[in-house]
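Welcome! Below is a short tour of charged side chains and backbone angles. Please keep the sequence and the 3D view side by side as you read.

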Amino acid sequence: MQPLKLDKIKKVLCLGAHSDDIEIGCGGMILQWLYSHKNLEVVWVVFSSGGSEREKEARASAALFLEQAKKKEVMIKDFRDGFFPFDGTNIKTVFEDELKKTSPDVILTHNRKDAHQDHRQIAELTWNTFRDHLILEYEVPKYDGDMGQPNVFVRLDEEEDTFFSLMRLRGMECNAPSGHAEAFYCHKLVL
């Protein structure tokens, strides 16, 4: 199976409900893309910083991950953890008033079938706002047991993995030479 070449990507929008979701769900792919695409711009958005300490962690992590980005924008919001469905109007306003104008080529967001209500809310609003974009939904392994069967794989080098067991499983499923991969859900793709 030949990997899809994504050299036309210029801007990526990374969406995470919580401070470490982007890093856990698609950090390996982001690092790989940044090392191989020197002109990549990244908009990194965390919707719940959980307080000043978590916001500092989120900003520090984004700075480390995005060192190789040609241009980067980091947005940290302070929506209440666990209450996203009830804050839907305000979160939707962020999507429509701030994120829509970023004009990304690819959007990385949570899986719409994620069991965590905050993750699901971000995924649903992503699809509602960005109807004509390439959207890849990432996995966040957690106690909910909501792992599915993704249909897009990004092969990773060993040093890029986050959680060895899941990355090994996904690497086996796509026959990655390193044995490691991250997996995504893609519901619509135009080549």
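## A positive patch

Lys8 is exposed, with a relative accessible area of 75%; here exposed means over 50%, buried means under 20%, and partly exposed lies in between, using a 1.4 Å probe and protein chains only. You will find Lys8 in the segment before strand E1 (11–18). Strands (E, at least two residues) and helices (H or I, at least four) are DSSP runs, numbered from the N terminus.

Together with Lys10, Lys70 and Lys71, Lys8 forms a positive surface patch. Patch residues have over 30% relative accessible area and no salt bridge, and like charges are joined within 9 Å. Lys and Arg count as positive, Asp and Glu as negative, while His and the chain ends are not counted. The place of a charge is taken as NZ of Lys, CZ of Arg, CG of Asp or CD of Glu.

## About the model

This is a predicted model, in which local features need pLDDT of at least 70 and side-chain atom pairs count only at pLDDT 80 or more, while totals for chains, interfaces and linings use all residues. Residues are numbered from 1 along each chain as its sequence is written, and side-chain values use heavy atoms, leaving out hydrogens and water.

## Salt bridges

Side chains of opposite charge can pair when their charged atoms come close. A salt bridge here is a side-chain nitrogen of Lys or Arg within 4 Å of a carboxyl oxygen of Asp or Glu, and the count comes to ten. One of them joins Lys11 and Glu41, with the closest N and O atoms 3.9 Å apart. Lys11 lies in strand E1 and Glu41 in strand E2 (residues 41–48), so this pair ties together parts that are 30 residues apart in sequence.

Glu55 and Arg59 also pair, at 3.2 Å between the closest N and O atoms. Both sit in helix H2 (residues 52–65), four residues apart, about one turn of the helix. Glu55 is partly exposed at 27%, and Arg59 is partly exposed at 38%. Lys100 and Glu96 meet in a salt bridge too (3.2 Å, N to O). Asp20, Arg54 and Glu57 are linked in a network of salt bridges.

## Positive phi angles

Which loop holds Ser103? Ser103 is in the loop between helix H3 (88–99) and strand E4 (106–110). Its phi is near 50°, a positive value in a residue other than glycine, and Ser103 is exposed at 52%.

Asn175 has a phi near 55°, again positive in a residue other than glycine. Asn175 is in the loop between helix H5 (164–174) and strand E7 (180–185), and counts as exposed at 64% relative accessibility.

Note on methods: Patch = residues over 30% accessible without salt bridge, like charges linked within 9 Å, V, L, I, M, F, W, Y side chains within 5 Å. Areas by Shrake-Rupley, 256 points an atom, 1.4 Å probe, with all protein chains shown as cover.
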